[in-house]
Amino acid sequence: MTSASRHCIRLKDVTVTPAGLSPAGFRILAAIDHLAQLFLIDMVATSIVRASSTVHQRGEAVDISVRDWPEWRVMAVWTTLRSSLGTDFAVLYEVPALPDQGILRDIAYHNPSATAPHLHIQLRKGFGVWPPHANS
Ligand SMILES: [Zn+2]
């Protein structure tokens with residue numbers, strides 16, 4: 001039997017906490033953890049539940065650092081997460097300044113208050129409670 005990859009989600013520092021995570025957040029973390037094993041890299045969560053953002057405060061969003069990632073990996077993880085999470089969720093490549101060129105220009109989402117480029121994954125805005133019904 002082959003041993004499973006230990007690549008996983010790591011927390012950037014002690015300020016990053018999943019306390020108060022919702023089922024939508026569980027789904028997001030599960031998808032990210034799966035990609036950590038698929039891509040054989042650790043995913044660094046820079047924000048999970050925090051008070052300064054409504055969607056993060058509700059436990060429905062996760063931020064993943066893309067620091068030192070090649071552009072192709074950002075694109076591949078963005079694409080794969082969108083596909084695996086489906087239309088209930090939004091996957092944003094948030095940047096403090098839009099790139100002038102490169103393959104990420106078309107997917108970049110300008111957030112002037114972002115401290116660094118990152119993937120912000122959240123329950124789709126206005127969705128309501130996820131999952132919408134028990135056992136469906
Ligand atoms: Zn975020």
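1. Starting with the helix pair: Arg27, Ile28, Ala31, Leu35 and Phe39 of H1 meet Val77, Thr80, Leu81, Ser84 and Leu85 of H3. Contact here is C-beta atoms, placed from the backbone, within 7 Å. By class, this contact has 7 nonpolar, 2 polar and 1 charged residues (Ala, Val, Leu, Ile, Met, Phe, Trp, Tyr, Cys and Pro count as nonpolar, Asp, Glu, Lys and Arg as charged, the others, Gly among them, as polar).

2. Before going on, a word on the source: this is a predicted model, where local features need pLDDT of at least 70, side-chain atom pairs count only at pLDDT 80 or more, and totals for chains, interfaces and linings use all residues. Numbering runs from 1 along each chain as its sequence is written.

3. On geometry, the axes of H1 (residues 23–39) and H3 (residues 71–85) come within 10 Å and cross at roughly 135°. That makes H1 oblique to H3 (under 35 degrees is roughly parallel, over 145 roughly antiparallel, 65 to 115 roughly perpendicular, the rest oblique). The crossing of H1 and H3 is right-handed.

4. Now the strands. S6 (residues 118–123) is mostly covered, with 6 of its 6 residues buried, meaning 20 or more other C-beta atoms within 10 Å of a residue's own.

5. S6 runs antiparallel to S3 (residues 61–65), joined by 5 bridges; pairing takes at least two DSSP bridges. Ala61 has Gln122 in S6 as its bridge partner.

6. S4 (residues 89–95) also runs antiparallel to S6, through 6 bridges. Here Leu92 stands opposite His120 of S6.

Technical notes:
Axes fitted to C-alpha atoms, helices over the stretch in contact; angles between N-to-C directions. Helix = DSSP H or I, 4+ residues; strand = E, 2+ residues; numbered from the N terminus. Left-handed = near helix turned anticlockwise from the far one by under 90°. Contact = placed C-beta atoms within 7 Å. Buried ≥ 20, exposed ≤ 12 C-beta atoms within 10 Å, placed from the backbone.
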